[in-house]
Structures are given as C-alpha cells and as structure tokens.
Amino acid sequence: MVTVNEAKQKVIANSKVLSIETRGLADALGYVLAEDVIATISLPSFRQSSMDGYAIIHTDIVKNGTILKLTGESKAGQTEVSEMISGNAIRIFTGARVPAEATAVIMQEHTSLVENEIVINEFPVSAGKNVREIGRQISEGAVALTQGTYLSPGSIGFLQGMNVNQVTVFRKPRIGLLLTGDELLKVGEPLVAGKIYESNSAMLIAALSQEGIFDIELKYADDDLDSTIQAFKELTENNDVILASGGISVGDYDFVGVALQVIGAEQVFYKVRQKPGKPLMFGKREEKLFFALPGNPASSLVCYYEYVLPAIRIMTGRKDPFLRSLKLPSKYAYSFDGERDEFLKALVEGDEVMPLDGQESFALRSFAVANAIIYLPVSQSKVESGELVEVHLLPF
Ligand SMILES: Nc1nc2c(c(=O)[nH]1)N[C@H]1C(S)=C(S)[C@@H](COP(=O)(O)OP(=O)(O)OC[C@H]3O[C@@H](n4cnc5c(N)ncnc54)[C@H](O)[C@@H]3O)O[C@H]1N2
Ligand code: MOO
C-alpha cells in the first residue's frame with residue numbers, strides 16, 4: 001500500500017510526453033504547442049485607428065476649439081488613404097488605416113462638425129493618441145507563443161489573427177477502456193435481479209471527452225481470466241493508456257491484476273491509502289500506462305481525476321497536470337475514522353465548500369451534483385465548520 005502522495009509521484013514519474021503532430025488550427029483547441037510559433041506578420045500590420053473620429057496632426061491642436069478642414073475619409077478595410085497636410089483632418093473609423101502623416105485620432109465625441117470644418121474640443125493632444133502602432137501587439141519575427149502553451153480559445157484567435165492555420169502540438173493519448181463484470185447490463189437491456197446497468201463506461205468516456213479525448217476503444221470482459229487477458233492484449237495494440245474498471249479487488253472473480261501480469265505490464269503500485277479507491281493498480285509496459293480502476297463508480301471517478309487525468313495531461317505536454325487546488329472553509333463539520341485519506345464529493349458555492357451527503361463508493365448521486373473533491377489526509381480527520389480544507393476543482 002502506498003500513500004496518496006507516493007502514488008501521485010509514481011504516476012507523474014512514469015508519464016512521458018507523447019510524440020508531436022501537425023494539426024489544423026480549428027482542431028487544436030486543448031492541445032499543447034510542441035514548438036514556438038514565430039510571428040510571420042506584425043500585429044497590427046498597419047497603423048490603425050482605435051476610435052471612430054478624426055485623424056489629425058497633433059501639433060495642429062494649439063488650443064481647445066482648434067478648427068481643421070475635413071478633407072477625406074478612411075474606413076475599415078480601405079487599403080488606400082488620402083494624404084494629409086497640416087491644418088486638415090480626415091474622418092476615420094475604428095480599425096481603419098491612419099494616414100501616414102497623421103499622428104493622432106480625436107474621438108468624435110470630442111469634436112463638432114460645422115459644414116466642412118471640424119472643431120476639436122480637446123487640448124492638448126498627445127502624439128499617438130488612439131493610434132495602434134505597427135507591432136504594438138507583436139512584431140514580425142518575434143516569438144508569438146512559446147512551446148508548452150496550452151491552446152485556449154484566446155490562443156486560437158491570436159494565431160488565426162496572424163494567418164496561422166496549422167500548429168505543431170503534442171498528440172493526445174489513445175485510450176483503451178475495459179469494463180469487467182458478469183453483472184453488467186447495457187442500457188436498454190431488461191433489468192433482472194443480480195445485474196446492474198453499467199455506468200462506468202459512459203462516465204469515463206464523458207470525463208475523457210472533457211479533456212478533448214475521443215479516441216477510445218471500448219471492450220467488455222466477463223469475470224474470466226482468459227477473456228480478460230485477451231481483451232487487454234487487444235487494447236494494448238493501439239492504445240497509449242489502458243483503463244480497466246472493476247475486478248481489481250481480492251475476490252475469487254477479480255482477474256484484472258493477474259491478467260495485467262500475464263500480458264507483461266509491470267506493476268508500479270497496487271493499493272493506495274485512500275477512500276474511496278483503495279484497490280487502484282498502476283502499471284506500465286514500455287511507454288504504455290495501465291490503470292486498473294476499482295469497479296465502484298465513485299472510486300473509479302475519483303481515481304480518474306486524481307491519477308489518470310494527471311498522467312494524460314503530462315502525456316499531452318501540460319505542465320499543470322493536477323486538478324486546480326485551493327483551500328476553502330468547509331461549510332459543515334466532518335469527521336472520519338480509519339487510516340485512509342479521504343476524497344469527498346463536494347460542492348463549492350461562493351467562497352466555501354460543502355461535503356455532500358452520500359460519500360459511499362457505490363453511489364454516484366453525490367458526484368452527479370458535485371463540482372469539486374475535498375481531500376482530507378488522515379491528519380485532518382476531524383474538520384470543524386469554517387476550517388480550511390484542500391479542494392480540487394472538477395474541470396468545468
Ligand atoms: N475483502 C475485500 N473486499 C473488498 C475490498 C477489500 O479490501 N477486501 N475492497 C473494497 C473496495 S474498497 C472496493 S473499491 C471494491 C473494488 O472492487 P473491484 O475493483 O474488484 O470491482 P468489482 O468487484 O468488479 O465491482 C465493485 C462494485 O462496482 C460495481 N461495478 C463494477 N463495474 C461497474 C460498472 N462498469 N458500472 C457500474 N458499476 C460497476 C460492481 O457491480 C460492484 O458493486 O472492492 C471492495 N471489496
Ligand atoms: O476504496 Mo473502495 O473504493 O472505498 O469502495
């Protein structure tokens with residue numbers, strides 16, 4: 001049996017970033033850049049107005065009420081703009097080219113138009129006011145985004161604005177998922193006493209899809225050693241991470257541990273001093289990772305968030321593999337006996353967190369409304385109301 005911290009360290013130490021691939025920008029959300037992206041253009045690439053108003057030469061404005069002659073217009077998208085001389089102003093709009101001679105733009109709210117003349121009700125006017133200079137955001141040739149950047153909607157927009165349509169990223173793992181158990185029914189099959197509707201597949205597939213992972217090969221095995229071995233062999237062929245659900249405890253029909261041994265997966269740890277999820281097994285074979293998740297649904301999902309997700313994130317190049325963690329006061333007192341650290345399904349509301357009713361590992365009802373997990377080490381087995389606890393935010 002290892003501690004929670006030891007288990008996490010072993011998972012991290014055995015998880016390696018995957019190979020790189022080129023992706024279209026539209027399909028790159030949630031991937032991590034494997035190379036720096038160099039700007040091939042400056043942003044902005046031409047001098048732009050940041051306001052609707054009038055382009056002027058700032059030294060022309062000598063007092064409040066200076067009058068200038070209106071001699072032209074520059075609207076967004078116009079590629080040629082007329083020249084300007086001292087004493088003139090040009091009508092201009094947000095995003096439009098600023099004439100080369102103009103040194104500032106006056107907001108139209110600070111002006112009044114009298115026939116063909118414009119009165120500037122602003123003084124003094126500084127050089128460059130309301131003008132976005134070339135390269136203000138980024139200059140051509142500079143590093144726009146560094147290797148290791150997680151591609152968010154903001155990054156995708158930034159890159160597209162520089163005419164980037166492909167990026168080099170770390171690929172995401174392909175997942176093999178094995179559901180074991182003679183008791184499992186698929187949705188739609190008639191319910192009979194002794195059987196249950198299998199829910200771990202839908203739950204884990206949903207959790208993986210939140211991470212942008214859709215390449216999942218699903219298999220089912222009866223509580224039988226040969227079919228478990230066969231299923232693992234097949235899932236190991238094309239996948240980077242193999243997850244099994246159920247069959248990892250000490251019962252006579254728990255064959256997952258033996259099957260993993262038979263297919264040559266080296267056991268890194270088995271059993272973690274935690275509740276739920278004690279019988280978690282983690283193994284590897286070359287670069288492939290194996291997680292045998294306990295069948296109890298809440299145990300399975302806790303183990304996914306606390307161990308599988310960090311491994312997957314490291315494989316995809318992320319530097320922040322764990323769920324975001326913070327300390328919040330607990331709304332309620334909570335205590336437990338025993339020698340295992342506890343992970344509690346919890347709800348963060350405002351600036352406090354409440355442990356939910358129904359913490360048993362077979363019950364998903366509390367997980368169904370949770371947005372966080374509280375982590376309580378054995379050393380904090382008695383929590384007072386208002387006491388700070390470690391909270392891991394679920395990824396949504
Ligand atoms: N003598 C002992 N018994 C158990 C121990 C122990 O230390 N000594 N540990 C308990 C703990 S803790 C857990 S957690 C479970 C883990 O058992 P397994 O991983 O072998 O899982 P199963 O026995 O196959 O199933 C457990 C439970 O979960 C249900 N299940 C399984 N698969 C699914 C699925 N895909 N969807 C929904 N529910 C599923 C299954 O029907 C069982 O009720 O072992 C304890 N026993
Ligand atoms: O560890 Mo089990 O997951 O407590 O039921």
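Which residues surrounding ligand 1 are the closest? The legends below refer to a predicted model.

**View 1. The surroundings of ligand 1.**

**View 2. The largest nonpolar core.** This core has 75 residues. Within the core, the residues that touch the most other members are L243, A292 and I374. The element that gives the most to the core is helix α6, which spans residues 297-315 and supplies 12 residues. Apart from this core there is a second, separate one of 19 residues, with Y54, I57, L68 and A102 among them.

**View 3. The contacts of I374.** Neighbours within four places in sequence are left aside here. I374 is then in contact with L344, A346 and V353, and also with P355, V389, E390 and V391.

**View 4. A346 in strand β24.** Strand β24 covers residues 341-349, and A346 lies in this strand. A346 counts as buried because it has 27 C-beta neighbours inside 10 Å, where 20 or more are required. Leaving aside neighbours within four places in sequence, the contacts of A346 include V353, M354, P355 and L356. A370, A372, I373, I374 and V391 are also in contact with A346.

**View 5. A346 and I373.** These two residues are 27 residues apart along the chain. Their C-alpha atoms are separated by 5.3 Å.

Terms used. Residues are numbered from 1 along each chain as its sequence is written. Chains are lettered from A and ligands numbered from 1 in the order in which they are written. This is a predicted model: local features need pLDDT of at least 70, side-chain atom pairs count only at pLDDT 80 or more; totals for chains, interfaces and linings use all residues. A nonpolar core is a set of buried Ala, Val, Leu, Ile, Met, Phe, Trp, Tyr and Cys residues joined through C-beta atoms within 7 Å. A residue is buried if 20 or more other C-beta atoms lie within 10 Å of its own, exposed if 12 or fewer, and partly exposed in between; C-beta atoms are placed from the backbone. Helices (H or I, at least four residues) and strands (E, at least two) are DSSP runs, numbered from the N terminus. Two residues are in contact if their C-beta atoms, placed from the backbone, lie within 7 Å. A residue is near a molecule or strand if its C-beta atom, placed from the backbone, lies within 6 Å of it.
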